[in-house]
Amino acid sequence: MSISIYAINLDRSADRWHALSESAQALHLPLVRVPGVDGTKTPAEERIGCDARAFARNNGRTILPGEYGCYRSHLKVLAAFLETGEPAAVIVEDDIELTADLLSRAEAAVEALPEADVIKLFNHRIVGFRRAATTSAGDEIGRTTHGPQGSAACYAVTRAGAARLLEGLRIMQFPWDIALERGWAYDARIYTTLKDVAAPKRDSTTIATRAAYRAAKFPWWRRLRTHGIRIIETVRRIGYALGR
């Protein structure tokens, strides 16, 4: 199986691309740069494929420019991959730490669970893991009953999966990392590895600061509906994790 790594990188983050490309060259990993969408350069009224009212209702806050850019960047990289003849790809954000066995473990994951559309290779948290398969490299693959797991910094995706994501997630109603996990909402087969196959290099992010997230959050009384939505999402996630 031929798999390449597609990396999202903003033009203003040249230092990150330099470090990532040097690492890929040293490890003999095929790396393709896809210029990211800089959300700070798109006024809110000019955003496309974005349901701001649904986002506010689902998340209890407004969309941050970096979140919009991140979402559009992932759609862009999926479209770029889909134009190739490759059967699968690994999508990374430019703050990921490449490892020599990243592609071999990703390939083993896709081969162990060929029905999967996406297999997440990095998460912030794994709680309530339900194993579906074990790869030849020893990685356990499954789903979690608790979430969101956080982060979309590194994941394997098949051609069929990329097409399904581009169709099912074309309208932004959640941040990308949360939307990606919601396979139950757009008829996609999303899985994750129990142990991280990759990890970020640094704690910093180009999406937003913690202060920006706090400033975008609505007062508690405007988030009551959001809490109800999250309860429903939890129930749906549990059902999704327990079923195949």
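User: In this predicted model, are Glu233 and Arg182 buried or exposed?
Analyst: Glu233 and Arg182 form a salt bridge, with their closest N and O atoms 2.6 Å apart. Glu233 lies in helix α8 and Arg182 in the loop between α6 and β9, so the pair ties together parts 51 residues apart in sequence. Residues count as buried under 20% relative accessible area. Both Glu233 and Arg182 are buried.

User: Which residue forms a salt bridge with Glu181?
Analyst: Glu181 sits in helix α6, and its partner is in helix α8, 56 residues apart. Both residues of the pair are buried. The closest N and O atoms are 3.1 Å apart, and the partner is Arg237.

User: Is Asp38 buried or exposed?
Analyst: Asp38 meets Arg12 in a salt bridge, at 2.9 Å from N to O. Asp38 is in the loop between β2 and α2, and Arg12 in the loop between β1 and α1. The relative accessibility of Asp38 is 14%, so Asp38 counts as buried.

User: How are α2 and α8 oriented to each other?
Analyst: The axes of helix α2 and helix α8 come within 6 Å and cross at roughly 80°. Angles of 65 to 115 degrees count as roughly perpendicular. Therefore α2 and α8 are roughly perpendicular to each other.

User: Which element gives the most to the largest nonpolar core?
Analyst: This core has 32 residues, and Leu78 and Leu165 are among those with the most contacts inside it. Elements giving two or more residues include β1, α3 and β8. With seven residues, the element that gives the most is α3.

How values were computed:
Residues are numbered from 1 along each chain as its sequence is written. This is a predicted model: local features need pLDDT of at least 70, side-chain atom pairs count only at pLDDT 80 or more; totals for chains, interfaces and linings use all residues. Side-chain values use heavy atoms; hydrogens and water are left out. A nonpolar core is a set of buried Ala, Val, Leu, Ile, Met, Phe, Trp, Tyr and Cys residues joined through side-chain atoms within 4.5 Å. Buried means under 20% relative accessible area, exposed over 50%, partly exposed in between (1.4 Å probe, protein chains only). Helices (H or I, at least four residues) and strands (E, at least two) are DSSP runs, numbered from the N terminus. Axes are lines fitted to C-alpha atoms, for helices over the stretch in contact, and angles run from 0 to 180 degrees between N-to-C directions. Angles under 35 degrees count as roughly parallel, over 145 as roughly antiparallel, 65 to 115 as roughly perpendicular and the rest as oblique. A salt bridge is a side-chain nitrogen of Lys or Arg within 4 Å of a carboxyl oxygen of Asp or Glu.
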